[in-house]
Amino acid sequence: MPDKMSIWSLVANASFVVQLVMLLLLLASVLSWVMIFQRHFVLRQAQQKLRLFEDRFWSGVDLSQLFREVNADPDSDNGAENIFRAGLKEFSRLSQQSGVEHRDAIMEGAQRSMRVALAREEEKLEMHLPFLATVGSTSPYVGLFGTVWGIMNSFRGLANVHQATLASVAPGISEALIATAIGLFAAIPAVIAYNRFSAKTETLMNSYETFADEFSSVLHRRVHTSS
């Protein structure tokens, strides 16, 4: 009896539908953990690169020199650097094409480019988060479906038994409950990771938006002092 009630034997003897539910939940759990580790490293690197670039930006370095340094690094994929690159590139392009009377147009163009860069950075930071949210919200229900199906099969099997005992019902109910357990195992880490990464993404986006506003102020002073 102990061998029949072991976890592996219960899974092996489960019905095809319950086994399919377990397999889907395990696959979702594995993919979730892969994305959790990937998002962790991406967000941590983004925070580190943001601090390094802001220190460099506010060190008094010439903006043109900083722009050349950023462009010279082919592996550079920092959110603040991308915003800076987009804003200064559009600012320089419009400054060369427009006269002094078009200062507002120059600023609007630079700010528009930075908003586009901000949107792209937000897409990068939020990558895989919808999947984690989906796993966290649906896995318990998928596991519950497997449990209901397994219990239903157990009670259907009792129709052919003259005397129902706990020993005859327990294996079927146990294998069905494993599906719910796997669903919770997949959902809980996904929910925790989604909430944590969403908070970090929001913090980073606020920092990027603050940098974009500060950089806009720098460009605003630059375009007006050049007149």
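1. Leu23 is exposed, with a relative accessible area of 56%, where exposed stands for over 50% relative accessible area, buried for under 20% and partly exposed for what lies in between, with a 1.4 Å probe and protein chains only. Leu23 is found in helix α2, and helices here are DSSP runs of H or I with at least four residues, strands being runs of E with at least two, numbered from the N terminus. Together with Phe16, Leu20 and Leu24, Leu23 makes a nonpolar surface patch of about 440 Å². Patches are made of residues with over 30% relative accessible area and no salt bridge, nonpolar side chains (Val, Leu, Ile, Met, Phe, Trp, Tyr) being joined within 5 Å and like charges within 9 Å. The accessible areas come from the Shrake-Rupley method with a 1.4 Å probe, and for residues only the protein chains shown count as cover.

2. Please keep in mind that this is a predicted model, in which local features need pLDDT of at least 70 and side-chain atom pairs count only at pLDDT 80 or more, whereas totals for chains, interfaces and linings use all residues. Residues are numbered from 1 along each chain as its sequence is written, and side-chain values use heavy atoms, with hydrogens and water left out.

3. As to the overall fold, the protein chain has seven helices and zero strands, and from the N terminus on its elements run α-α-α-α-α-α-α. Of the 227 residues of the protein chain, 37% count as buried.

4. The largest nonpolar core has 42 residues, and those with the most contacts inside it are Phe57, Phe84, Tyr208 and Phe215. Two or more residues of this core come from each of α2 (16-57), α3 (63-72), α4 (79-97), α5, α6 (129-157) and α7, and the largest share, 13 residues, is supplied by α7. A nonpolar core is taken as a set of buried Ala, Val, Leu, Ile, Met, Phe, Trp, Tyr and Cys residues joined through side-chain atoms within 4.5 Å.

5. Asp213, found in helix α7, is exposed at a relative accessible area of 53%.

6. Side chains of opposite charge can pair when their charged atoms come close. With a salt bridge defined as a side-chain nitrogen of Lys or Arg within 4 Å of a carboxyl oxygen of Asp or Glu, the count comes to three salt bridges. Which helices hold Glu69 and Arg56? Glu69 lies in helix α3 and Arg56 in helix α2, so the pair ties together parts that are 13 residues apart in sequence. The side chains of Glu69 and Arg56 meet at 2.8 Å, N to O, and both ends count as partly exposed, Glu69 at 31% relative accessibility and Arg56 at 33%.

7. The salt bridge between Arg93 and Glu90 has an N to O distance of 2.6 Å, and both residues lie in helix α4, three residues apart, about one turn of the helix. Here Arg93 is partly exposed at 38% relative accessibility, whereas Glu90 is buried at 16%.

8. Glu121 and Lys124 likewise meet in a salt bridge, at 3.5 Å, N to O, and both lie in helix α5, three residues apart, about one turn of the helix. Is Glu121 buried or exposed? Glu121 counts as buried, at 5% relative accessibility, while Lys124 counts as partly exposed, at 35%.

9. Two further places may be worth a look in the viewer. Glu81, which lies in helix α4, is buried with a relative accessible area of 16%, and its C-alpha is 8.1 Å in space from that of Leu50, although Glu81 and Leu50 are 31 residues apart in sequence. His128 lies in the loop between α5 and α6 and has a positive phi of about 75° although it is not a glycine; at 29% relative accessibility, His128 counts as partly exposed.
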